[in-house]
Amino acid sequence: MPLDPKIPKGPLATKWDTHRFHCRLVSPANRRKYEIIVVGAGLAGASASATLAELGYRVKTFCLQDSPRRAHSIAAQGGINAAKNYRNDGDSIHRLFYDTIKGGDFRAREANVYRLAQISNQIIDHCVAQGVPFAREYGGLLANRSFGGAQVSRTFYARGQTGQQLLLGAYGALMRQVNTGSVTIMPRREMMDLVVIDGRARGIITRNLITGEFETHAAHAVVLATGGYGNIYCLSTNAMASNASAIWRAYKRGAALANPSFVQIHPTCIPVHGEAQSKLTLMSESLRNDGRVWVPRKPGDSRPPSEIPTEDRDYFLETQYPAFGNLVPRDVASRNAKQQCDAGKGVGDTGRAVYLDFHDPILRQGQEAVERKYGNLFQMYEKITGQDPRRTPMMIYPAVHYTMGGLWVDYNLMTTTPGLYALGEANFSDHGANRLGASALMQGLADGYFIVPITIGDELAQADLPEISTDSPEFNAAVAASTSRQEQLLGIKGNRTVLDFHRQLGHLLWENCGMAKNAADLQNALAMIPELRDEFHRNLKVPGTGQDLNQQLERAGRVADFLEFAEVMVRDALTREESCGCHFRSEYQTDDHEALRNDRDFNHVSVWHFNGEGVEPTLEKEPLLYDSVEPSQRSYK
Amino acid sequence: MQSINLTLEVWRQKSRNEPGRFVTYQTGPVSSDLSFLEMLDIVNEQLILADDEPIVFDHDCREGICGMCGAVVNGHAHGPEAATTLCQLHLRHFKDGDTIVIEPFRARAFPLIKDLVVDRSAFDNIIAAGGYISVNTGSAPEANSIPIPMPTAEQALDAAECIGCGACVAACPNAAAMLFTGARISHLALLPQGHPERTLRARAMLNKMDSEGFGNCRNERDCELACPKSISIRNIARFNREVIRALIRADD
Ligand SMILES: Cc1cc2nc3c(=O)[nH]c(=O)nc-3n(C[C@H](O)[C@H](O)[C@H](O)COP(=O)(O)OP(=O)(O)OC[C@H]3O[C@@H](n4cnc5c(N)ncnc54)[C@H](O)[C@@H]3O)c2cc1C
Ligand code: FES
């Protein structure tokens, strides 16, 4: 059966309203009969869990960390977009929609993105009511800042810790429902498998990370809000536990994956310093509001930055993109930084860095004003590098940051497996081939607070949901499969650690499926990944047992899944013979090195279906139809 | 970059029911640019290859915001650097040849799980008791309908920056949770949106704090010094005011 994105009919601006009207409702008294599993307690999972429980559903919420408040969303820095137009600078729902579609290089669904822009304003209202302390103007009203890919100022923020404040809001709402008994939280649990009964998602298997026990949980619907898989590169801005395992398990049980190779490389991160580095730290995009990016004009110029006079500096983003300047979208900024470094103009010990300079804004606005906006980011930078960005320019370099790809979902956020939903970064829905800054928080909260609580009811109201038991053959088979995967990992007793393998995989992907890709490198990667995977399963060394807290075993399971996921990711990159957004194939570029799309052949979502172990997956294409916007060559000049 | 050698004395304990002890490890040469946790990663790699069990420690974001990491290092929760989480502590603050003692956060309300990992779910229980504003999705007024003076919003954010790591409890001689609870209470009490429930909230969170086994505050101020986010003890004062206010208003 071909994919049906279930996009409602009618004009773009009224689709969501019309759809909500047509959604069947579960009566308040009946909602208590339904149990919903939510895996993940980040912005998407916590907001969905809280809202579903407010509606009356019984909810079980799982997360890896010891508390739902620690989900990776906590680390988001810069802000969240909304089309409030408080600045009266020409913003509107339509403009936010347009900027997001264009930023994604016309590879996202119009209807989804429009709905996202519509909901954006309600999100801000709700978060303010929850007590999220957003930045304010002297008059007491909400402040905004600008973000990449937009010429209006529409980003709401709380210093450099917007994600933390939004997550604490959602976490508060979640804990309120825990207090009423409507939500049960299950921390320190890892989802090991999805249980599908009669073609429908009916439960999950989890591993209790403290006792090592496998646990079975049945439900009427399963929601995955497990975040992105950027850690497949080993070094990324993601938290250490971020993984692909939950969505990979779902994929292997029949849910399709969409655009797995669409990975965003963020331009402003602290550069890699050495082999033992465990993660890369993002320096929020908001810094590009005021900070100026430059490199020395002459390759190999080794003078300290303060001794390089203005005429010997190349403010390359400002000169090449006069209209957007330092605020071009991320893919453009990252690629340009790489090109400068490839041309020998990179700075720092490794030559893989460019400057981000606050000298001019401090002169113009004063130390205090700049400090108020970026103080905590400056501190963070100083802690890590030992240098004070108030005195000497920051050094930054692109790093893996966000995955636009994920589980395929229809307009209702349901995957190809009935009863299984995917929210937040775990789905592919709204960002096309490149996500604009401050749009992930918006999307996660739109999905969780406002979309899935409505659409899930519509589906439950018409679904056939026989009673099931966790002692059914399907549950037992899933437990057996999880157990045997774990025993296999523990039983290898080889000579290389999981970190060692993870680093090698990360390096392989960064070199061959990173900021600039080409067919030869991708073919090469496709040959190397299975070899590495074989070695992993022959030569891995996992200490300890499965019966208690074993962090090496946890990581081994995640890396085993990354090693499989990598293949479909590379295959996806290889079959998309065009450049779009973050997906940059060197073979397909314009004369001035911008991504060259091929709308005739690739105006689609690439959807991958699992066909069994060792069998090539099938590629299906969901065509993208543009009624309201005209896909154009993106220009930020 | 500089290379240094460190001696570690690490608390190893398999589980709550087994006795724990300090074990000594040599790091070998490590770069002073490394973070503290990256140094532990290196030691763990060596342990695994030597068929030993790696040191178990909690961590996730490694950028000082999730509140997952934490251990007592040389007697200080999160180590000797002020306003720094363990994951943001860098080896440039140590000297070649230093001995570093690493042990878990110890408090009655934080039972040990393994090595440096403790159970901090008591914090979640305090929040569940009332650390929120009760607003259902969909019922919020327009965001700018209630102006909030900028300094008030900033103060609320100062309190809301708490990452819930538990260092304040570990540093307190009485293992009190006043700074953690006070920060949440202050954040919400400062904002007009938090006013309708402030009486209930103060009472409920105070009671929960006690029943979870946290001690009483004796104004030692160790919590503020240990806090990686520099949460001020003014939040404890504000918490106390909220509690007194709640006692007076016995009826609402
Ligand atoms: C450093 C940084 C800064 C950012 N800044 C911004 C910003 O300013 N603005 C913006 O819009 N976006 C930003 N982003 C992106 C944004 O933060 C994320 O995309 C978003 O928060 C993801 O939310 P989520 O709810 O989908 O997933 P997450 O917050 O990642 O939550 C995932 C949840 O799933 C759980 N989980 C995962 N796997 C399993 C499993 N197998 N079993 C059980 N549980 C599991 C985890 O425990 C966690 O609770 C930033 C990202 C980073 C890395
Ligand atoms: S690991 Fe997140 S605060 Fe240290």
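Helix H16(A) gives the largest share of the lining of the second largest cavity, 7 residues, where helices (H or I, at least four residues) and strands (E, at least two) are DSSP runs numbered from the N terminus. This is a predicted model, in which local features need pLDDT of at least 70, side-chain atom pairs count only at pLDDT 80 or more, and totals for chains, interfaces and linings use all residues. Residues are numbered from 1 along each chain as its sequence is written, while chains are lettered from A and ligands numbered from 1 in the order in which they are written, and side-chain values use heavy atoms, with hydrogens and water left out.

A cavity is a set of points, on a 1 Å grid over the protein atoms alone, where a 1.4 Å probe fits but cannot get out, and its lining residues have an atom within 4 Å of a point. The second largest cavity is lined by 39 residues, and A:Gln551, A:Glu554, A:Arg555, A:Arg558 and B:His59 lie nearest its centre.

We turn now to the ligand. An oxygen atom of ligand 1 is 2.5 Å from an N or O atom in the side chain of A:Ser73, whereas a nitrogen atom of ligand 1 is 2.9 Å from a polar backbone atom of A:Gly79.

Key: On a 1 Å grid over the protein atoms alone, a cavity is a set of points where a 1.4 Å probe fits but cannot get out, and a pocket is an open set with protein on both sides within 12 Å along at least five of seven lines; lining residues have an atom within 4 Å of a point. A polar contact is a pair of N or O atoms within 3.5 Å; within protein, one must be able to donate a hydrogen and the other to accept it, and residues adjacent in sequence count only if both atoms are side-chain atoms.
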